[in-house]
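Open your viewer and get ready to select a few pieces one after another.

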Amino acid sequence: MNREKIKLGISSCLLGNKVRYDGGNKLDHFLTDTLGAYVDWVPVCPEVESGLAVPREAMHLVGDPEAPRLVTIRSGVDHTSRMRRWADKKVTALVAEDLCGFVFKSRSPSSGMRGVKIYSPDGTPVGTGSGLFAKAFQDRFPLLPVEDEGRLHNPALRENFIERIFVYRRWQEFRSLDKTVAGLVLFHTHHKLLIMAHSPGHYSALGKLVADPKKYRREELLDRYLTTLMEGLQFLATVRKNTNVLQHMAGYFKQLLSTDEKQELQNVIDNYHRGLVPLIVPMTLLQHYVRKYNERYLKQQIYLNPHPLELMLRNHV
Ligand code: SF4
């Protein structure tokens, strides 16, 4: 795995910067201490960068849930135009950063990526939506993996996000070095089992795309591939789907293992399926056989090693 750090945008207060309306921060130790070992953070505080002071009056979203306004809670000052103007310029500037994703601060009227409360002018909740900067970012970069720090406390969502940022980074590397159809076929081959674990439907659609590359112009082919890939990876790799992939991998060793070894492998996969052991357990045994028998197809599968072991993302039941 390439050890160069991955570049991710982040809501600045999550790094411990004291930029919140009350002069505080929302330091998140998982992001700074654990994921931070692999990430080069690009901090963004929409409220401060658009010219507001620290401390400042707290704001919330008000009005039409389709196009909410950013308004201070006590005195009713409307900062919508200021924020929209700044966000337009900021997302354009961020193109040059080549980000692989963004971690947003949840529930913020500027930075929350989803589920931010929207109120009527009299203060009654009327719906939920995205903070103004988070919306501008997602509109500009619809394929980039995004999450908020609240959702990243869920192990399945955390693993999913981290897999997607590593895939996106490998895609950036592929695009910068090689734009050939042969390169795309190789990229797809390496990611096959990973995609299968997320969405068998997208796996099949991507297989058809690379099998018939002449159907589209090169750039269109690459765009379609990336769009379908990132859409498919948003589906969680569930126990059921992972079990199917593990069984598929076990099939490669049918002729090579003894009856006892085959039984042991089946037991380990069954135990994972029943929720008795984490994914790392059958994966470790399969990795052992891949090494032992130098299984060429499986050896190159990203699924075996999609993110650094130290993040322990496959260690939960
Ligand atoms: S949530 Fe966003 S706008 Fe608010 S302090 Fe954090 S980075 Fe700044």
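Begin with strand β5 (residues 102-104) and strand β8 (146-148), which pair in the parallel sense over three bridges. Helices (H or I, at least four residues) and strands (E, at least two) are DSSP runs numbered from the N terminus, and two strands pair if DSSP finds at least two bridges between them. Click on F102 and look across: V146 in β8 stands opposite.

A word about what you are viewing: this is a predicted model, in which local features need pLDDT of at least 70 and side-chain atom pairs count only at pLDDT 80 or more, while totals for chains, interfaces and linings use all residues. Residues are numbered from 1 along each chain as its sequence is written, and side-chain values use heavy atoms, with hydrogens and water left out.

**Stop 1: the parallel sheet**

Now show the open sheet around this pair, whose four strands come in the order β2-β1-β5-β8 with parallel pairing. β2 (39-44) and β8 are the edge strands, each with a single partner strand, so one side of each has no neighbour in the sheet. On average, neighbouring strands here are turned by 25° against each other, direction ignored.

Then select α5, which lies across β1 (6-11), β5 and β8 and runs at about 130° to β1.

**Stop 2**

Find R151 in the loop between β8 and α5. Leaving aside neighbours within four places in sequence, R151 is in contact with R114 and L157.

**Stop 3: two helices side by side**

Select α5 (residues 155-177) together with α8 (residues 218-233): their axes come within 10 Å and cross at roughly 165°. That makes α5 roughly antiparallel to α8, a label for angles over 145 degrees. Show side chains where they meet, including W171 and F174 in α5 and L226 and L229 in α8. The residues of this contact divide into 10 nonpolar, one polar and four charged. Here Ala, Val, Leu, Ile, Met, Phe, Trp, Tyr, Cys and Pro count as nonpolar, Asp, Glu, Lys and Arg as charged, and the others, Gly among them, as polar.

**Stop 4: the mixed sheet**

Finally, display the open sheet of four strands in the order β4-β3-β6-β7, where the pairing is mixed. The twist averages 50° from one strand to the next. β3 (residues 59-62) runs parallel to β6 (residues 116-119), joined by two bridges, and L61 stands opposite I118 in β6. β3 and β4 pair in the antiparallel sense over four bridges, with M59 opposite T72 in β4. Between β3 and β4 is a hairpin turn of six residues, where G63 has a positive phi of about 100°. Which way do the side chains of β3 point? M59 and L61 point one way, H60 and V62 the other way, and all are buried.

Technical notes: Axes fitted to C-alpha atoms, helices over the stretch in contact; angles between N-to-C directions. Parallel < 35°, antiparallel > 145°, perpendicular 65-115°, else oblique. Contact = heavy atoms within 4.5 Å. Buried < 20%, exposed > 50% of the residue type's maximum accessible area, 1.4 Å probe, protein only.
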